[in-house]
Amino acid sequence: LWQMQMMPLSETDTLIAETIIDAIDEDGFLSTSLEELLSGLQQQSVDIELDEIEAVLHTVQNFEPPGVAARDLRESLLLQLRALPDDTPWLEQAQRLMQDHFELLAGRDYNQLKRVLKLSEEELTRITQLIQSLNPRPGGQVSNSRAEYIVPDVMVNMVKGSWRVELN
């Protein structure tokens, strides 16, 4: 929300961005379809169309951390690749692989990937290492969830060879 407030957005775009941000799960993925977001906003008497939500989504996807607000893993990894410096080794090939051949990568069909992309074993290894360096859960690093510790109401003590139970 802080990043959104730094953007020069119209009132309507701010409402759309807030709705998108509210729909991001703790892993950083958009957990609601754009059509559902549209329906919810229209029920609030907001006069918008799907392409407006898509445009604001692209703005939110440029927020930190890279890959946030993606609709799936492939989109998240592509967003992260696009955020890397242009001179990153193997960047163009990694983007092409993610864009056009994600299913082969997900299925670990490396022989097919080498053939389709015309890559050597070493080149494919370098590209997959770059992809593996990305964060599959971009929201995990900024999640608000904290560990909750449970304090037991009953305490058990060993006293001279026998157990004693004390209530707190």
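Predicted model: local features only at pLDDT ≥ 70, side-chain atom pairs only at ≥ 80, totals over all residues.
Residues are numbered from 1 along each chain as its sequence is written, and side-chain values use heavy atoms, with hydrogens and water left out.

**Layout**

The protein has eight helices and two strands. Helices (H or I, at least four residues) and strands (E, at least two) are DSSP runs, numbered from the N terminus. Their order from the N terminus is α-α-α-α-α-α-α-α-β-β. Of the 168 residues, 32% count as buried. Buried means under 20% relative accessible area, with a 1.4 Å probe and protein chains only. Contact means heavy atoms within 4.5 Å. Among contacts between residues at least 6 apart in sequence, 47% join residues at least 24 apart.

**Helix 2 and the cores**

Helix 2 covers residues 11-22. Its 12 residues should span 16 Å at 1.5 Å a residue, and the end C-alpha atoms are 17 Å apart, which agrees. The expected span is 1.5 Å times one less than the number of residues. Ile-16, Ala-17, Thr-19, Ile-20 and Ile-21 are the buried residues of helix 2.

Which helices do they pack against? The table lists them.

| Partner of helix 2 | Residues |
|---|---|
| Helix 1 | 2-5 |
| Helix 3 | 34-43 |
| Helix 4 | 50-60 |

A nonpolar core is a set of buried Ala, Val, Leu, Ile, Met, Phe, Trp, Tyr and Cys residues joined through side-chain atoms within 4.5 Å. The largest nonpolar core has 20 residues. Among those that touch the most other members are Ile-16, Ile-20, Leu-37 and Ile-53. Helix 2, helix 3 and helix 4 each give two or more residues to this core. A second, separate core has 17 residues, including Leu-77 and Leu-97.

Take Ile-16. Leaving aside neighbours within four places in sequence, Ile-16 is in contact with Leu-41, Ile-48, Glu-52, Ile-53 and Val-56.

**Helix 3 meets helix 4**

These two helices pack at an angle of about 115 degrees, with axes 10 Å apart. Axes are lines fitted to C-alpha atoms over the stretch in contact, and angles run from 0 to 180 degrees between N-to-C directions. Helix 3 and helix 4 are therefore roughly perpendicular, a label for angles of 65 to 115 degrees. The contact includes Leu-34 and Leu-38 of helix 3, and Leu-50 and Leu-57 of helix 4.

**Gln-80**

Gln-80 lies in helix 5 (residues 73-83). Is Gln-80 buried or exposed? At 7% relative accessibility, Gln-80 counts as buried. Beyond neighbours within four places in sequence, Gln-80 is in contact with Pro-66, Gly-67, Leu-134 and Asn-135.

Terms used: Buried < 20%, exposed > 50% of the residue type's maximum accessible area, 1.4 Å probe, protein only. Parallel < 35°, antiparallel > 145°, perpendicular 65-115°, else oblique.
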